[in-house]
Amino acid sequence: MRVVGIIAEYNPFHKGHQYHIARAKEVTGADYCIVVLSGNFVQRGEPAIYEKFLRTEAALRCGADLVLELSSPFASGSAEDFASGASALLSALGTVDYLCFGSEQGDETRLMNIARMLVQEPEGFRPLLLTGLKNGLTWPQARISALTGLGCLTQEEAKLLSQPNHILGIEYCKALLRQNSSIRPVTILRRGKGYHDQEIDSFPQGEMASATGLRARMKCPPECVSSLSHPLEGQVPPEALPLYQSQQPVFPEDFSAVLNYALLSCLQDERSFSCYEGITADLSQRMERVLLDWTDWEGRIRQLKTRQMTYTRISRCLCHLLLKITAADMEAYRDGGYAFYGRILGFKRQAAPLLKAVQKNSSIPLITRTAGCEKLLSGPALSILRTDFYASHLWHSVYCSKYGASMKNEFNRGMVIL
């Protein structure tokens with residue numbers, strides 16, 4: 001049995017993702033594809049546009065065989081934590097041969113070489129990195145500047161380190177190296193729009209849009225898509241479109257009130273913002289100064305953004321505060337090896353041999369039912385699980401409030417089985 005793993009958000013799942021799954025199986029000769037999927041909050045530090053079980057079913061309908069959840073602390077974490085958490089989970093399953101990810105170049109050998117250099121950290125790297133940060137560079141910019149200054153990177157390699165998919169791809173490679181994993185990285189050349197490309201003029205025909213572009217499309221006034229049965233029509237696989245027609249989207253601004261409440265709670269409880277993951281003392285001070293200047297989710301980020309702290313980094317910090325993920329928590333999760341259990345969100349019946357192999361070879365507990373599962377875990381593992389429950393219940397509460405709808409919760413929602 002040959003198995004390929006994919007780490008994804010599918011926010012939302014579109015034709016490019018279907019192509020990726022198909023090519024991953026083709027290139028590696030895999031019999032099955034396991035997807036590690038972000039839960040109801042994603043790596044940009046914001047809520048997913050659709051809830052995790054809908055995205056799970058979309059993936060299963062379009063080529064995936066087994067889907068597991070990437071826990072909220074890692075799903076909403078830095079690129080390094082995101083990659084480390086997902087890679088550790090795939091490795092712990094004991095059945096995955098390849099990790100396949102998209103890239104703008106499609107050259108895993110070069111990415112592995114860069115990753116190996118970053119893991120080993122050449123002499124003089126750390127002081128140059130700190131100098132770049134003090135001079136106002138973002139962390140990715142400071143890293144590139146330090147490595148090029150030492151002559152460790154060519155201009156072409158420096159460009160690789162600045163592209164979104166390569167940033168994550170290199171982090172996947174670093175994680176596999178640090179974890180001494182037997183999983184081999186494989187890249188697939190991206191097709192269609194770039195990772196951050198928001199152009200949607202060619203919608204619904206033409207080249208494949210990016211997930212960023214599709215989320216922007218979902219926010220468009222109804223008259224902009226009046227000729228379509230649904231804003232995603234033409235850009236998501238036909239197998240998945242009925243799922244999107246069955247559920248409405250949510251956006252970060254829908255969480256503005258609960259974010260403001262979380263911020264205000266810190267003031268009331270005399271709790272420092274800096275206890276939460278990623279929030280520095282300087283950022284904490286800025287948050288205190290603007291706390292009572294009420295605004296929405298995006299407004300909060302713009303209040304706090306500086307040249308050195310990117311929009312996404314601020315968003316992640318606010319997300320960690322909202323989900324009550326502290327710096328101490330994250331340190332314990334890293335020290336524990338990232339992978340404490342595997343929460344199965346869904347699978348295909350025809351992938352029964354894969355599921356049996358995972359159950360036999362996994363070095364961590366597998367969760368198929370949430371009822372009573374807390375009795376199986378303790379310490380950091382239990383803390384992560386409860387954070388996942390909280391994140392999902394929070395997402396559900398905002399969705400149900402916005403649309404006046406009802407939705408099954410974490411304790412009465414079963415796995416997706418196709």
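1. Packing of H13 and H14. In this predicted model, helix H13 (residues 281-290) packs with helix H14 (residues 297-304) at an angle of about 120 degrees, and their axes are 10 Å apart. H13 and H14 are therefore oblique to each other, since angles of 65 to 115 degrees count as roughly perpendicular and those over 145 as roughly antiparallel. The crossing of these two helices is right-handed.

2. Composition of that contact. H13 contributes Leu283, Arg286, Met287 and Val290, while H14 contributes Arg300, Gln303 and Leu304. By class, the residues of this contact comprise four nonpolar, one polar and two charged.

3. The buried side of H7. Which residues of helix H7 (residues 139-149) are buried? They are Ala142, Arg143, Ile144, Ala146 and Leu147, so a charged residue, Arg143, is listed among them. An α-helix has 3.6 residues a turn, so residues three or four places apart point the same way. After H7 comes Gly151, with a positive phi near 75 degrees.

4. Aromatic pairs: Phe74 and Tyr338. Nine aromatic pairs are found in a search of the whole structure. In the pair of Phe74 and Tyr338, the ring centres are 5.3 Å apart and the planes stand at 55 degrees, so the pair is tilted. Phe74 belongs to helix H3 (residues 72-75), whereas Tyr338 lies in the loop between helix H16 (327-335) and strand E8 (342-347); the pair therefore ties together parts that are 264 residues apart in sequence. Phe74 counts as buried because its relative accessibility is 2%. Tyr338, at 14% relative accessibility, also counts as buried.

5. Aromatic pairs: Phe389 and Phe411. This pair is edge-to-face, with 4.9 Å centre to centre and 70 degrees between the planes. Phe389 is located in helix H18 (residues 379-403) and Phe411 in the loop between H18 and strand E10 (416-417), so the pair ties together parts that are 22 residues apart in sequence.

Definitions and conventions
Residues numbered from 1 in each chain as written. Predicted model: local features only at pLDDT ≥ 70, side-chain atom pairs only at ≥ 80, totals over all residues. Heavy atoms only, no water. Axes fitted to C-alpha atoms, helices over the stretch in contact; angles between N-to-C directions. Helix = DSSP H or I, 4+ residues; strand = E, 2+ residues; numbered from the N terminus. Parallel < 35°, antiparallel > 145°, perpendicular 65-115°, else oblique. Left-handed = near helix turned anticlockwise from the far one by under 90°. Contact = heavy atoms within 4.5 Å. Buried < 20%, exposed > 50% of the residue type's maximum accessible area, 1.4 Å probe, protein only. Phe/Tyr/Trp six-rings, centres within 6.5 Å; stacked < 30°, edge-to-face > 60°.
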